[in-house]
Number of protein chains: 2
Amino acid sequence: MNIKYFLAFVFSGLFLVGCNCDTPSDKEVVVTDPLPSWNQGSVKQSIINFVTQISDSTHANFVPVADRIVAFDNDGTLWAEQPVPFQIFFTFDRIQQLAKSNPAWASTMPYKAVIDNDSAAIQKFHSSDIIQLVTKSNAISNIDDFDVDVQQWLATATHPKLHKKYTDLVYQPMLELLDFLRAHQCQIYIVSGGSTEFMRSWVPDVYGIPSQNIIGTSLEIKVAIENTIPVVSRTEVLAHYNDHAGKVISIANQLGKRPVMVVGNSDGDLEMMEYADAGKGPRLMVYLQHTDAAREFLYDEKVPSGALINGLQVAKEKDWTIIDMKNDWKTVYKTVE
Amino acid sequence: MNIKYFLAFVFSGLFLVGCNCDTPSDKEVVVTDPLPSWNQGSVKQSIINFVTQISDSTHANFVPVADRIVAFDNDGTLWAEQPVPFQIFFTFDRIQQLAKSNPAWASTMPYKAVIDNDSAAIQKFHSSDIIQLVTKSNAISNIDDFDVDVQQWLATATHPKLHKKYTDLVYQPMLELLDFLRAHQCQIYIVSGGSTEFMRSWVPDVYGIPSQNIIGTSLEIKVAIENTIPVVSRTEVLAHYNDHAGKVISIANQLGKRPVMVVGNSDGDLEMMEYADAGKGPRLMVYLQHTDAAREFLYDEKVPSGALINGLQVAKEKDWTIIDMKNDWKTVYKTVE
């Protein structure tokens, strides 16, 4: 029997992921690193070990598929978020678009600042201004029409400093982690402060996470019956703000159980991590720390979005897993189409 | 080669569900009816054909797994609901229990009527009384404590007329349908007017549908941080009433896409059926009509719960699938432990 072993990477956790059998007497056993963009080390190993254990029915840490829930933050965790979460760029572009049919906005703040591209005024926005603009940009009389608008924007818009399409700023190591989790039948959910509707327009294609597994900040929706057919509209009324304790609320509401693994990057993820970690059985809490000024961003206490201060302290106290982007990732942004 | 065929049932849609190979030269191919408690006929066949087609990648009606969503009503669809949805019995028993620590209820309506088992007063309840009792029975200071209470109740309580445990009043044909859908990788959701929290306590065990796929009427929940750990409580404030158009709202909110198949039994399911049916691509709407006075119940226009009037008319106009319980089901209640 002619057996060839292809060891793509040498590391302590080896995975048998492929077996090409041309003929019974000519087997190839391909052992491949499931996370090739991650450097070897304790972080990578802790993730691999945990996922392997919870999906191994003979292991003490085994978790049934129905409970094998992994919750991911999105902005700053699965894709970049500087200088502001990318949905804000969409919001501003969409306000410009909607302004054509809303002439009064030309003299009404906060719309006027956006229309005039008045960066001084935009810098002074309160969070209520941002919320007003975001809700206005997401409200729509028939939700079926919304996805195409976002997709068209994503197809052409580019990041103002990095000059890449936003969907090219997703993190390659995280795409690999998503695939690895799926291969182990983990139920992946996004639990993000971003708008559910915005994410649902592109997340299924880009991350392979279906719309029913995307939980975000949401607006109230209404139903009108038109010729017996319900037509769903999205109002401008905020229904749920999905950050900090809001993430715990949406998890309790929509999942009804604690995730066994949570991956986040900011203090806004701390409450859901504490909530998940307080559950019985195996748990893995993972923080991504943005330490990479050269390839991505180095977050300090004054970072405009996604500060990690309390969360980092708790993570160290509780021995959670902390990804050091600079040292743990070989690659940052998506490398494969 | 010794091949034996076991044809359990002869019907036009045959399914190969098992292959026991003792030795390479001794194969048994077992062809089994996936819905043995359903009589042969157009209803059974329409369901089998639809599910087979949407999961066949070579068929024009193929639907990817992520979109292969089937929504079920619960009360009157997956288990019986007469004379009232069973959650009402739980509610009354729990009010009796909670009354011990709420002495003022002894003289306060609607609690007094329940405590005194005053059927004349209970008959006169307005829906607001029922909602008040249900919300009171579901409110709890730590949601982690609730499931056990419901499970203990289900383990001992019996139906006042049928003298069976409530979980023995689930429909055997529907259990088979759930298994059949799962075997075809359908994503099964419950979209019910019952309380999410009540259902989550027993539905995963009884139907095999996980808590994250259970959508119902819900109360507002709150989070308190106790020694850094979030503790989730359920208030008495109604957050969402999940019936009629409310089912469309919860589907739009939590799934973000239309189910391809909806199974219900009452006018309260009509809006979600119309919404699903208005989507592009293959769709199957299924109404269960309660026609079986001998084995279950014969619903007329005055049935206390779950009337099917407008829905039946629309179903006939649109040629939806209508299960006639009396004629389409060989067995009604669960037969297997």
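Predicted model: local features only at pLDDT ≥ 70, side-chain atom pairs only at ≥ 80, totals over all residues.
A crossing of two helices is called right-handed if the near helix is turned clockwise from the far one by less than a right angle. Helix H1 of chain A covers residues 42-54, and helix H7 of chain A covers residues 172-183. Two packed helices are described by the angle between their axes and the distance between the axes. For this pair, the angle is about 20° and the axes lie 10 Å apart. Angles under 35 degrees count as roughly parallel, so H1(A) is roughly parallel to H7(A).

The contact between these helices can be given residue by residue. H1(A) contributes Ile47(A), Ile48(A), Val51(A) and Thr52(A). These meet Leu177(A), Phe180(A) and Leu181(A) of H7(A). Sorted by class, the contact of H1(A) with H7(A) has 6 nonpolar residues, 1 polar residue and no charged residues.

Chain B has a helix pair of its own. Helix H1 (residues 42-54) and helix H7 (residues 172-183) of chain B have axes that come within 10 Å and cross at roughly 20°. H1(B) is therefore roughly parallel to H7(B). Their crossing is right-handed. On the H1(B) side, the residues in contact are Ile47(B), Ile48(B), Val51(B) and Thr52(B). On the H7(B) side, they are Leu177(B), Phe180(B) and Leu181(B). The contact of H1(B) with H7(B) has 6 nonpolar, 1 polar and no charged residues.

Chain B also contains an open sheet of 7 strands. The strand order is S7-S6-S5-S4-S8-S9-S10, and the pairing is mixed. Strands S7 (229-240) and S10 (321-324) of chain B stand at the edges. Each has a single partner strand, so one side of each is left without a neighbour in the sheet. Neighbouring strands of this sheet are turned by 30° against each other on average, direction ignored. Within the sheet, strand S8 (residues 261-264) and strand S9 (residues 284-289) of chain B pair in the parallel sense. This pairing runs over 4 bridges. Val263(B) has Val286(B) in S9(B) as its bridge partner.

Helix H10 (residues 245-255) of chain A lies across strands S6 (214-226) and S7 of chain B. The helix runs at about 145° to S6(B).

Two copies of a chain are related by a rotation about an axis and a shift along it.

Some backbone details concern loops. In chain A, the peptide bond from Gln82(A) to Pro83(A) is cis, with omega near 0°. Pro83(A) sits in the loop between strand S4 (69-72) and helix H2 (86-99) of chain A. In chain B, the peptide bond from Met109(B) to Pro110(B) is cis, with omega near 5°. Pro110(B) belongs to the loop between helix H2 (86-99) and helix H3 (111-115) of chain B. His244(A) is not a glycine, yet it has a positive phi of about 50°. His244(A) lies in the loop between strand S7 (229-240) and H10 of chain A.

Terms used:
Residues numbered from 1 in each chain as written. Chains lettered and ligands numbered in written order. Heavy atoms only, no water. Axes fitted to C-alpha atoms, helices over the stretch in contact; angles between N-to-C directions. Helix = DSSP H or I, 4+ residues; strand = E, 2+ residues; numbered from the N terminus. Parallel < 35°, antiparallel > 145°, perpendicular 65-115°, else oblique. Contact = heavy atoms within 4.5 Å. Nonpolar A, V, L, I, M, F, W, Y, C, P; charged D, E, K, R; others polar. Pairing = 2+ DSSP bridges.
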